[in-house]
Amino acid sequence: METWYYEVVSIDGDYANLRRTDVESDDLKMVARALLPPETGEGSRLKYEWMQYELLG
């Protein structure tokens with residue numbers, strides 16, 4: 001299983017816009033906030049692995 005790293009660029013209601021940080025990309029991925037850890041906010045760094053998001057320190 002692959003591992004991807006993201007940064008939360010913005011939060012818009014029930015959705016968050018994520019940008020990958022492990023590869024060069026300007027594309028944003030819209031993800032339902034219900035899939036993210038509850039304490040996720042703008043600027044949070046996340047790891048996506050095994051179909052789960054984990055908040056990084």
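Residues are numbered from 1 along each chain as its sequence is written, and side-chain values use heavy atoms, with hydrogens and water left out. Because the model is predicted, local features need pLDDT of at least 70, side-chain atom pairs count only at pLDDT 80 or more, and totals for chains, interfaces and linings use all residues.

**Salt bridges**

Side chains of opposite charge can pair when their charged atoms come close. Here a salt bridge is a side-chain nitrogen of Lys or Arg within 4 Å of a carboxyl oxygen of Asp or Glu. How many salt bridges does a search of the whole structure find? The search finds three. They are set out below.

| Pair | N to O distance |
|---|---|
| Arg-20 and Asp-22 | 2.8 Å |
| Glu-49 and Lys-47 | 3.5 Å |
| Glu-54 and Lys-47 | 3.7 Å |

Which residues are linked in a network of salt bridges? The network links Lys-47, Glu-49 and Glu-54.

**Burial of the partners**

Relative accessible area sorts residues into buried (under 20%), exposed (over 50%) and partly exposed (in between), with a 1.4 Å probe and protein chains only. Is Lys-47 buried or exposed? Lys-47 has a relative accessible area of 18%, so it is buried.

**Around Glu-49**

Glu-49 lies in strand β4, residues 45-49. Strands are DSSP runs (E, at least two residues), numbered from the N terminus. Which residues does Glu-49 contact, leaving aside its neighbours within four places in sequence? They are Glu-2 and Thr-3. Contact means heavy atoms within 4.5 Å. Asp-22 is 27 residues from Glu-49 in sequence. Their C-alpha atoms are 13 Å apart in space.

**A nonpolar patch**

Trp-50 lies in the loop between β4 and β5 (52-56). Its relative accessible area is 61%, so Trp-50 is exposed. Trp-50 makes a nonpolar surface patch with Met-1 and Met-51. The patch has an area of about 460 Å². Patches are made of residues with over 30% relative accessible area and no salt bridge; like charges are joined within 9 Å, and nonpolar side chains (Val, Leu, Ile, Met, Phe, Trp, Tyr) within 5 Å. Accessible areas come from the Shrake-Rupley method with a 1.4 Å probe, and for residues only the protein chains shown count as cover.

Key
Helix = DSSP H or I, 4+ residues; strand = E, 2+ residues; numbered from the N terminus.
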